[in-house]
Amino acid sequence: MSGQEDHPGPALEEGRVFLRQKARTLREELRQEETFNINLTIASTPDAQRMTEELNRVALQLATEEIDLARSGFSESFVRNQIARRKFTLLRELGPGRCQSCGNEGQEEDKMVRTSKTCGELRDQQHWHHESCLRQLFLEAINDEEKLPPKCCENAINESYGFNLLSRHDRQAYKHKREEKATVNPTYCPTCSYFISARVIERAIDARVNALKQLKRMPIGHISGSFNCPRCKVSVCLLCKKIEHPGEDCPES
């Protein structure tokens with residue numbers, strides 16, 4: 001061993017510099033392409049930023065392909081035509097396709113969100129939704145747990161995509177429905193059938209325990225008491241989960 005680090009030869013380093021220069025040139029050309037700029041106007045803000053960042057990768061890929069074609073002995077006009085076709089293909093892949101819900105293309109007044117990049121039979125397709133269509137999928141899931149979680153093909157859509165389009169009230173309603181579906185033995189209001197979160201019951205139990213401790217009456221066994229339905233405010237027995245029956249022994253005690 002010579003004890004010296006290996007360094008790339010002048011020819012290799014020169015080739016890398018040439019590749020980087022070619023990629024920078026192609027990147028600027030891509031930024032001027034009408035297809036790219038149309039895609040920017042119809043993509044959601046986060047996706048537009050992502051597309052701009054991924055332009056570096058596309059430019060480097062094109063630069064590598066162009067150099068390889070030239071080295072293979074193809075004519076300059078052939079290489080130019082091939083790269084022009086590849087530009088169009090790669091830019092189309094980079095930007096929004098048709099909406100998976102309505103089948104229409106994006107429009108500036110209805111932005112598109114990339115909801116999945118691993119769809120299709122080969123698991124390599126980028127799928128998009130209009131913001132309005134995506135919002136509708138999440139609203140439908142609030143009223144129908146069979147549609148929860150919203151999916152693109154067989155993939156669950158990242159909830160953050162939908163939450164960005166929902167009001168605060170609708171986000172809370174979605175989370176409530178999600179909790180209801182995940183609860184093994186759900187509790188429902190005996191009056192209005194509203195799903196009662198376990199957190200509501202736990203808070204009522206904690207409050208009852210604290211009240212008994214202040215009276216220096218340590219709780220033994222089941223904790224009796226009640227809680228109010230968040231929707232209709234009816235008082236519900238903690239033990240039997242039916243309408244509170246003060247002065248009567250609970251059959252669940």
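**A pocket, a cluster of rings and the cysteines**

Helix H5 (131–143) and helix H7 (168–182) each supply at least two residues of the lining of the largest pocket. The model is a predicted one, in which local features need pLDDT of at least 70, side-chain atom pairs count only at pLDDT 80 or more, and totals for chains, interfaces and linings use all residues. Residues are numbered from 1 along each chain as its sequence is written, and side-chain values use heavy atoms, with hydrogens and water left out. Helices are DSSP runs of H or I with at least four residues, numbered from the N terminus.

Rolling a probe the size of a water molecule over the atoms shows where empty space is left. On a 1 Å grid over the protein atoms alone, a pocket is an open set of points where a 1.4 Å probe fits, with protein on both sides within 12 Å along at least five of seven lines; lining residues have an atom within 4 Å of a point. The largest pocket has a volume of about 330 Å³, a volume being the space filled by probe spheres set on the points, which are joined across faces, edges and corners. Its lining consists of 16 residues, and Ile142, Ala173, His176, Tyr194 and Arg231 lie nearest the centre. Helix H7 gives the most to this lining, with eight residues.

The structure also holds five aromatic pairs. Rings of Phe, Tyr and Trp (its six-membered ring) pair if their centres lie within 6.5 Å; planes under 30 degrees apart count as stacked, over 60 as edge-to-face and the rest as tilted. The pair of Phe138 and Phe163 is edge-to-face, because the ring centres are 6.4 Å apart and the planes stand at 70 degrees. Phe138 lies in helix H5 and Phe163 in helix H6 (residues 159–163), so this pair ties together parts that are 25 residues apart in sequence. Phe163 and Tyr174 are also edge-to-face, because their ring centres are 5.4 Å apart and their planes are at 80 degrees. Together, Phe138, Phe163 and Tyr174 form one aromatic cluster. Phe138 counts as buried at 0% relative accessibility, where buried means under 20% relative accessible area, exposed over 50% and partly exposed in between (1.4 Å probe, protein chains only).

What of the cysteines? A disulfide is a pair of cysteine sulfur atoms within 2.5 Å, and a search of the whole structure finds zero disulfides. For Cys237, the nearest cysteine sulfur, that of Cys240, is 3.7 Å away. Cys237 is buried, with a relative accessible area of 6%, while Cys153 is partly exposed at 41%.
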